[in-house]
Every structure is written in structure tokens, then in C-alpha cells.
Amino acid sequence: MKKERKELWRAVKFTLFSVSAGVIQIGSFTLLTEVLSLVPWLGHLISLVLSVVWNFTLNRKFTFQSANNVPIAMLKVALFYLVFTPVSTWWTAVLTERAGWDKFLVEALTMAVNFVTEYLYQRFVVFRGSIDTAKK
């Protein structure tokens, strides 16, 4: 029971930090597309990078409490985004420019997909074997 409770708390922390990263992402996306008039796919790309750096930093330290090698962990996250970024940038362009979907709807759906896949990837790939190894 204690292990399940700890994992639930880990998921809650990941969610809260992801919400803060989401605020950064949607805030910067809004600024970039509404104020600076960037096309949605470019605004998505820049805002995604900003939120990833924020989210990785907080989750490594507080959610997964990992003492593993930071550059290696960052490389693993970069590999995830090597796939996710071009795919999500592509579907943002297709859905907003060709299909006419609302850019904020597409961004919100993309953030939801990112949230679920990134949690699973960080939990079972990036920090597997190093969870709760940081000195307190």
C-alpha cells in the first residue's frame, strides 16, 4: 500500500509541474502567435522547448528525485522530443493551416498527448532505476 501511495503522489507532483509547464507553454504560445504573429507551428515549437526545459528540471529534482547523470537524462528526454517535436509540429501545421482547426484547440490536444506520453517515458525510461536516489 505504501508503494502505491508513493506512486500516486509522484503522479500528482508530475501533474502539478506539468500544469506549470503548460502555463508557460500556452502563455508563450499566445504571446508568439497573437502578439508577434508567428505561424502556429513555429509558436508551438518555441513554446514546447520552453516548457520542456522547465518541466524536466522540476520533475528530475522533485518528482523522480533522481541522482542520475543529468546530461544522460537530458539526452534521453531529447531523444523523446526528437520524435515528438517534428510529429507535433507537423500535425499542428496540418490541423491549423489545412484543416482549419482552432490553433488553441490543437495546442491543448497536443499538450494532453505530450503530458501522458512524457510521464510514461520519464517514469519508465529516463528515470528507471534512479528514482528516489537523490540525497535529501
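The points below go through aromatic pairs, the nonpolar core, a surface patch and salt bridges.

1. Basis. This is a predicted model, in which local features need pLDDT of at least 70 and side-chain atom pairs count only at pLDDT 80 or more, while totals for chains, interfaces and linings use all residues. Residues are numbered from 1 along each chain as its sequence is written, and side-chain values use heavy atoms, with hydrogens and water left out.

2. Phe29 and Phe104. The structure holds 13 aromatic pairs. Rings of Phe, Tyr and Trp (its six-membered ring) pair if their centres lie within 6.5 Å; planes under 30 degrees apart count as stacked, over 60 as edge-to-face and the rest as tilted. The ring centres of Phe29 and Phe104 are 5.5 Å apart with planes at 90°, so this pair is edge-to-face. Phe29 sits in helix H1 (residues 2-35) and Phe104 in helix H4 (residues 103-126), 75 residues apart. Helices (H or I, at least four residues) are DSSP runs, numbered from the N terminus. Phe29 is buried at 1% relative accessible area, whereas Phe104 is partly exposed at 28%. Buried means under 20% relative accessible area, exposed over 50%, and partly exposed in between (1.4 Å probe, protein chains only).

3. Phe56 and Phe127. Here the ring centres are 6.2 Å apart and the planes at 20°, so the pair is stacked. Phe56 belongs to helix H2 (residues 40-63) and Phe127 to the segment after H4, 71 residues apart. Phe56 is buried at 6% relative accessibility, and Phe127 is buried at 0%.

4. Nonpolar core. The largest nonpolar core has 15 residues, of which Phe64, Val77, Tyr81, Val126 and Phe127 touch the most other members. Such a core is a set of buried Ala, Val, Leu, Ile, Met, Phe, Trp, Tyr and Cys residues joined through side-chain atoms within 4.5 Å. H2, helix H3 (70-98) and H4 each supply at least two residues; H3 gives the most, with five. Leaving aside residues up to four places away in sequence, Val77 touches Val52, Phe56, Tyr121, Gln122 and Val126. Contact means heavy atoms within 4.5 Å.

5. Asn114. This residue of helix H4 is buried at 6% relative accessibility. Not counting residues up to four places away in sequence, Asn114 touches Leu48, Phe80, Tyr81 and Phe84.

6. Salt bridges. A search of the whole structure finds five salt bridges, each a side-chain nitrogen of Lys or Arg within 4 Å of a carboxyl oxygen of Asp or Glu. Glu7 and Arg10 form one of them at 3.2 Å, N to O; the two are three residues apart in helix H1, about one helical turn. Glu7 is partly exposed at 23%, but Arg10 is buried at 3%. Arg10 also meets Asp132 at 3.1 Å, N to O. Arg10 lies in helix H1 and Asp132 in the segment after H4, so this pair ties together parts that are 122 residues apart in sequence. Lys6, Glu7, Arg10, Arg123 and Asp132 are linked in a network of salt bridges.

7. Lys103 and Glu34. These residues form a salt bridge whose closest N and O atoms are 2.5 Å apart. Lys103 is in helix H4 and Glu34 in helix H1, 69 residues apart. Glu34 is partly exposed, with a relative accessible area of 44%.

8. Surface patch. Leu75, Leu79, Leu82, Val83 and Val87 make a nonpolar surface patch of about 470 Å². Patches are made of residues with over 30% relative accessible area and no salt bridge: like charges are joined within 9 Å, nonpolar side chains (Val, Leu, Ile, Met, Phe, Trp, Tyr) within 5 Å. Accessible areas come from the Shrake-Rupley method with a 1.4 Å probe; for residues, only the protein chains shown count as cover. Val87 is found in helix H3 and is partly exposed at 37% relative accessibility.
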